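This report describes selected features of the structure shown below. Please keep the sequence and the model at hand while reading.

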Amino acid sequence: MVKPTGFREYDARWLFEKEINLMGVQALGLGLGALLREMGVKPDVVTGHDFRSYSSSIKYALICGLMAAGVRVHDIGLAVTPMAYFAQFDLDVAAVAMVTASHNDNGWTGVKMGAKRPLTFGPEEMGRLRDIVVGGKFRTAEGGAYRYIEDFPQRYIADITNRAKLKRKIKAVAACGNGTAGAFAPQILTALGVDVVPLDVTLDHTFPRYNPNPEDLHMLHAMAEAVRASGADLALGFDGDGDRCGVVDNEGAEIFADKIGVMLARDLSALHRGATFVVDVKSTGLFATDPVLLAQGATADYWKTGHSHIKRRVSELKALAGFEKSGHFFFNAPIGRGYDDGFVTAIAVLDMLGRNPRKSMADLYRDLPHTYGSPTMSAHCADEVKYAVADKVTARIKEMRDRGETLAGQQIRDIVTVNGVRATVEDGTWGLVRASSNKPELVVVIESPASETRLREMFKAIDGILRVNPEVGVYNQTL
């Protein structure tokens, strides 16, 4: 059993036992092996798994399929996703298949895959993999093998902490939401010289307090409370598989990841003048309008949401970094290797504080031009219809522009349709609607440089367009 909709734009996600079973996972392994041979990629794959109760069994089913397809498997065991990406370089293995559902609710499973480091599969590869697996277009082959890499996480930890300790004394909350990152975050931050305040670092696949998602307000609120209680300089929050990082400042302000991206872009473009930064369409308009970035010659490229899309675009443009509002950040040399790593992001934030010894995290946040932004809001919409609904919303907003109709009381100034639709009106207020790539949802994000009133007016207008479609359900969180 393999539900075809589980093959998403840039990774695979299913509800375990309802949408995929272990036989289906074996078929996925067979299909991935066939795809690697079709692509002319050496049949070696790094694999690992997160801490969910069923992830190890899913990984071993995947391994069975891979080995039956003649693939040599390099198993790094319990890990966060960036460890699997690092292993591609450290073990000189081209392909990766990391078993994780990241921050999704308990019951979900998934696999993040790639065959050309540091890139992961995009829509073309995922579509071909779906066709191979669902169509049973695979065959067994000789040469399959398995090896377990002992204590691999320590190799990764040594790699990212093999540097000078921070010169500035920093006290930081390490928030992990009981996800897999909790097994490693305190050790990594301590090795850097950080005074660590652990928060929900005990691994618990039931996620008793909230999902490990630093884009979710429940986790951000908990981080803020921990900062105020401990007097920390900031909180660093890691998602379920450790490839994302969220930040709360020393005053307990919950800083959305796109604003952290602007702060990092300011810091890095001062060191690397004329740098290019790739950002996703959910992100703040400040990347294109911030006077400091403009003065430092920085260029912003708005691109499709999704870790594979941004990763590929960063590689194509040879950008210094890429930023997603979800907290996936990608750093090219000399900072990183091009893939998303929540711990490398945390180190970049700590280094930024080190280069600004007289300023707190709150001071750096206040230095930014103020905008009013929404959290990422997701309205339920079935996988089978979500793209069609997003297309209807896009068509409606284009029609409004062409007819001279107003949106939230103003003329539509600009429309970006690289991923869903992002409509900006005369005062710079914008609203985005796009289909989620990994859940049955439509994603809505709003920002206004003018006022909170304008933010709410735009949300009401966008929501009104959405509600014409009966397939759209309730939001997971809202204004």
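The model discussed here is predicted. Tyr148 has a relative accessible area of 41%, and is therefore partly exposed.

Tyr148 belongs to strand S6, which covers residues 145-148. Together with Tyr60 and Tyr146, Tyr148 makes a nonpolar surface patch of about 310 Å².

## Nonpolar cores

The largest nonpolar core contains 70 residues. Within this core, the members that touch the most other members are Leu234, Leu236, Phe323, Phe343 and Met361. Helix H12, spanning residues 342-354, supplies the largest share of the core, with 9 residues.

The side chain of Ser448 makes a polar contact of 2.8 Å with the side chain of Thr429. Leaving aside residues up to four places away in sequence, Ser448 touches Thr371, Tyr372, Thr429, Arg454 and Leu455.

## Cis peptide bonds

Arg117 and Pro118 are joined by a cis peptide bond with omega of about 0°. Pro118 is located in the loop between strand S5 (108-114) and helix H4 (123-134).

A cis peptide bond also runs from Ala333 to Pro334, where omega is near 10°.

## Positive phi angles

Asp200 is not a glycine, yet its phi is positive, at about 55°. Asp200 is placed in the loop between strand S8 (195-199) and helix H7 (217-230). With a relative accessible area of 16%, Asp200 falls under the 20% limit and is therefore buried.

Ala408, likewise a residue other than glycine, has a positive phi near 55°. This residue sits in the loop between strand S18 (406-407) and strand S19 (410-416). The relative accessibility of Ala408 is 17%, so Ala408 also counts as buried.

How values were computed:
Residues are numbered from 1 along each chain as its sequence is written. This is a predicted model: local features need pLDDT of at least 70, side-chain atom pairs count only at pLDDT 80 or more; totals for chains, interfaces and linings use all residues. Side-chain values use heavy atoms; hydrogens and water are left out. A nonpolar core is a set of buried Ala, Val, Leu, Ile, Met, Phe, Trp, Tyr and Cys residues joined through side-chain atoms within 4.5 Å. Buried means under 20% relative accessible area, exposed over 50%, partly exposed in between (1.4 Å probe, protein chains only). Helices (H or I, at least four residues) and strands (E, at least two) are DSSP runs, numbered from the N terminus. Patches are made of residues with over 30% relative accessible area and no salt bridge: like charges are joined within 9 Å, nonpolar side chains (Val, Leu, Ile, Met, Phe, Trp, Tyr) within 5 Å. Accessible areas come from the Shrake-Rupley method with a 1.4 Å probe; for residues, only the protein chains shown count as cover. A salt bridge is a side-chain nitrogen of Lys or Arg within 4 Å of a carboxyl oxygen of Asp or Glu. A polar contact is a pair of N or O atoms within 3.5 Å; within protein, one must be able to donate a hydrogen and the other to accept it, and residues adjacent in sequence count only if both atoms are side-chain atoms. Contact means heavy atoms within 4.5 Å.
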